[in-house]
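Here's a quick briefing to read with the model open in your viewer. Have a look around before going through the notes.

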Amino acid sequence: MLHRNQRFPEVARRTPPRTPPEIRVRDFKEIYADFAAASGAAQSSRCAQCGVPFCQSGCPLENAIPDWLKLAAEGRLEEAWRASEATSALPEICGRICPQDRLCEGACTLERAGWETVTIGSVERWLGDMAFKEGWIEPIRPVRERDVSIGIVGSGPAGLAAADRLRGLGYAVTIYERQDRAGGLLMYGIPGFKLEKPVVQRRIDRLVESGVTFELGVEIGRDLSFGDLRSRHQAVLLATGVYAARRLAVPGCGTDGVVPALAYLTASNRKGMGDTVPEFESGALDARGRRVVVIGGGDTAMDCVRTAVRQGATSVTCLYRRDRDNMPGSAREVAHAEEEGVVFDWLASPRAVHDVEGRATAVRAIRTALSDPGPDGRRSIRELVDSAYDCSADMVIEALGFEPEDLKTRLDVPDLAVRDDGTVWSAGATRATTLEGVFVAGDISRGASLVVWAVREGQDAAAEIHVWLGARQQVAA
């Protein structure tokens, strides 16, 4: 008899319960609940156990998705969790914030065949939350402790993933974070309605219980020189992320009321965690009662528009120069934003910010059109003649992406090779930089990207550091 995962789907696709828009816009709680056990198992049973699992190849971590879906369908939930965590240090976080519609679920054979994709991300989240609830996740206790110390600069997803794997191998690990909390982008850049902060904190707490040391409020290059950092540790991993915001370059872009996305999101997150945030209290980074225009089409733009709705903005418009089919953000996030009342102004490009007495009053925009796809599949943009118009706004949020900070200057390391865009160079497919014993992972290496890629690179860097240290010890012997 065929296993239930080897038949045509007999169960309709269902997502976990979702808070209705009119209720969820009142707070910053996550909008999805976890599956009930029976629903999670039933949704897992929809996996067809394909001979060629495109979901796995569509995942940057190459998670063994069919394996843990099959185990979950059989009710072997702890085994399913073990299979999930084997390839991912942050599965319940990726299950929440990965754009599965563009990755694993988008590659699902059922989706391509018109049967609707398996709810992979929701099952991954459900298993991870259950693992914490049931006590399956315990502090890391290495089989062997090594008298070797590794320093990690940055406590975002790449740094946390690397620390998890390195501590499991028995290394002493110290993470240096310039903010007053660990978590990086996960803590300060992603709103609570996508990722509630206790979900991040419990991962950090587990690392602390496992023996990982966090030095918070320590900026390398300011509070501790890079040379001193290297002298403390046998290896160093750079996992700083990219935080230099791309800014508007149009007349009036320096007007009061034009703010960068990360500053806006950080203020909101800090406020939600109980911090006193002067820029929020003054109204500079609070959208309440304001006409908000967010410029950009990525996931950060979606975070901003949905945050503005929850803060009580009078109106929220997303201005993007391409159309819906060619925007970089998650289609799921766009749908959520529309449900919550956000207006999308597609094929529109900003030309200026108007002001009265130095305060923004409108965004001057112009209509655009897309060309046919070029050899690389990308469609160029042209502006339409005589199509300029004004979009009222007294708060303009720039969500145009992020670039690396100047690490060579900040760390005072002229021998650190960087690419033209400022990302740190590494040799081929390795994580090694031009400085001996210094490795790199995450956005500072690949440019602004997805959390799941940062997790992948953090884990890869940990494995490479382990091999490098082993070879070094053999030579010394």
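Which residues of helix α2 (residues 37-44) are buried? They include G40, A41 and A42, along with Q43 and S44. Keep in mind that this is a predicted model.

**Around α2**
- Among the elements covering the buried residues of α2 are α4 (65-73) and α9 (120-134).

- Most residues other than glycine have a negative phi.
- Q49 isn't a glycine, yet its phi is positive, at about 50°. You'll find Q49 in the loop between α2 and α3 (54-57), and it is partly exposed at 22% relative accessible area.
- E62 isn't a glycine either, and it has a positive phi of about 55°. E62 sits in the loop between α3 and α4 and counts as partly exposed, at 44% relative accessibility.

**Aromatic pairs**
- Searching the whole structure turns up four aromatic pairs.
- One of them is F35 with W126: the ring centres are 6.4 Å apart and the planes are at 90°, so it's edge-to-face. This pair links distant parts of the chain, with F35 in the loop between α1 (21-24) and α2 and W126 in helix α9, 91 residues apart. Both F35 and W126 are buried.
- F439 and W468 also pair edge-to-face, with centres 5.8 Å apart and planes at 70°. F439 is in strand β15 and W468 in helix α20, so the pair ties together parts 29 residues apart in sequence. F439 is buried at 3% relative accessibility, whereas W468 is partly exposed at 24%.

**Charges over rings**
- R202 has its charged end over the ring of F132, 4.2 Å from the ring centre.
- The charged end of R310 sits over F193's ring, 4.1 Å from its centre.

Definitions and conventions: Residues are numbered from 1 along each chain as its sequence is written. This is a predicted model: local features need pLDDT of at least 70, side-chain atom pairs count only at pLDDT 80 or more; totals for chains, interfaces and linings use all residues. Side-chain values use heavy atoms; hydrogens and water are left out. Buried means under 20% relative accessible area, exposed over 50%, partly exposed in between (1.4 Å probe, protein chains only). Helices (H or I, at least four residues) and strands (E, at least two) are DSSP runs, numbered from the N terminus. Contact means heavy atoms within 4.5 Å. Rings of Phe, Tyr and Trp (its six-membered ring) pair if their centres lie within 6.5 Å; planes under 30 degrees apart count as stacked, over 60 as edge-to-face and the rest as tilted. A charge sits over a ring if NZ of Lys or CZ of Arg is within 6 Å of the ring centre and within 35 degrees of the ring normal.
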